[in-house]
Amino acid sequence: MSMQALNHLVARSIVDPSVVQAFGNGTLDDILADLSFSGDLRASLADVQADTWAEFAVLAYRTVRAAEAPVIRFQLPSPLEGLRPDAGMAGREQVA
Amino acid sequence: MTLIAPEERRWLLRNLALGLVEYLGVAEPPVPVEALLRHPPGVLQEDLGVVDMYSNLWDATFARLPDQRGSIFVRIDLPSRDRRFALARELLRALVTSEHGRAMGLPEILVPELQESAEYFARQLLAPEALVAAYRKRGGGAAQFGERFDLPAPVAASRWEDSAALN
């Protein structure tokens, strides 16, 4: 959702000079407040340092993409299942 | 100056194209690029225009007159699809050199790869992702894609590949 909001903002900026003016005036947060950025993300975007609007847009893209990246978790097998998925089956074959 | 990855540059170009498509209110292909040039957004009023020319040297080129007003000079005898693509490609040069484009900082990011950027931008403007996705959803295939979006065959093939990579 945040990336969609950023896409919309950058798309708007090519036809609406108020976006670039807000960036230049340091009042971009007023525009960000109307879009669906989370509070944390809005704070991160407020910290982005850029010389131009286009540079800000690219750095904002990095920020939003990093925030939306899925958290990778290690999926360890449960100790109750044993380390080998076929361990139980192997045992039964031996008994038979 | 921040180093920009190709993927980041393409993302920026996609959204610049999207802004113009949304301005036009396009719901179905083909995207009327010539209408955009003749009736541009107010902020680009002094930067866009079309002038038909007789030329054997190039298909289209963007230039500014001494009064700074910009126009795309396009060969009068180009086939429609080639004309549309040439105009869309030169449109990016117009944006980059416009007062608004310079205020946005577009030259710093796009000039180093301007030719590649202009062609990518043109493909995205003439075949925006939302319209391509809708075309695919309705069962549209590669064979009719160029005709539906009014694109030259090599451009259609390239855009179709880009779209397939996303799906």
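The model is predicted, with pLDDT of at least 70 needed for local features and 80 or more for side-chain atom pairs to count, whereas totals for chains, interfaces and linings use all residues. Residues are numbered from 1 along each chain as its sequence is written, and chains are lettered from A and ligands numbered from 1 in the order in which they are written.

Strand β2 (residues 60-64) of chain B is antiparallel to β3(B), with 5 bridges between them; here Ala60(B) is partnered by Val74(B). β2(B) and β3(B) form a hairpin in which 5 residues separate the strands, and Gln68(B) in the turn has a positive phi of about 80 degrees. Strand β3 (residues 70-75) of chain B has a covered face made up of Gly70(B), Ile72(B) and Val74(B), while Ser71(B), Phe73(B) and Arg75(B) form the uncovered one.

Helix α1 of chain B comprises the 19 residues 6-24; at 1.5 Å a residue these should span 27 Å, and the end C-alpha atoms are 27 Å apart, which agrees. The expected span is 1.5 Å times one less than the number of residues. Among the buried residues of α1(B) are Trp11(B), Leu12(B), Arg14(B) and Asn15(B), a residue being buried if 20 or more other C-beta atoms, placed from the backbone, lie within 10 Å of its own. Gly25(B), which follows α1(B), has a positive phi near 70 degrees.

The contact between the chains takes 22 residues from chain B and 18 residues from chain A, where contact denotes C-beta atoms, placed from the backbone, within 7 Å. On the side of chain B that touches chain A, two or more residues each come from α1, α4 (99-104) and α5 (106-110) of chain B. The largest share, 10 residues, is given by α1(B). This side has 14 nonpolar, 5 polar and 3 charged residues (Ala, Val, Leu, Ile, Met, Phe, Trp, Tyr, Cys and Pro count as nonpolar, Asp, Glu, Lys and Arg as charged, and the others, Gly among them, as polar).

The largest nonpolar core has 68 residues, of which Ala57(A), Leu12(B), Leu87(B), Phe121(B), Leu125(B) and Leu126(B) touch the most other members. Such a core is a set of buried Ala, Val, Leu, Ile, Met, Phe, Trp, Tyr and Cys residues joined through C-beta atoms within 7 Å. Helix α3 (residues 80-97) of chain B gives the most to this core, with 9 residues. Ala57(A) touches Val10(A) and Leu12(B), residues up to four places away in sequence not being counted.

Chain A has 6 helices and 0 strands. Of its 96 residues, 24% are buried.

Key
Helix = DSSP H or I, 4+ residues; strand = E, 2+ residues; numbered from the N terminus. Buried ≥ 20, exposed ≤ 12 C-beta atoms within 10 Å, placed from the backbone. Contact = placed C-beta atoms within 7 Å. Pairing = 2+ DSSP bridges.
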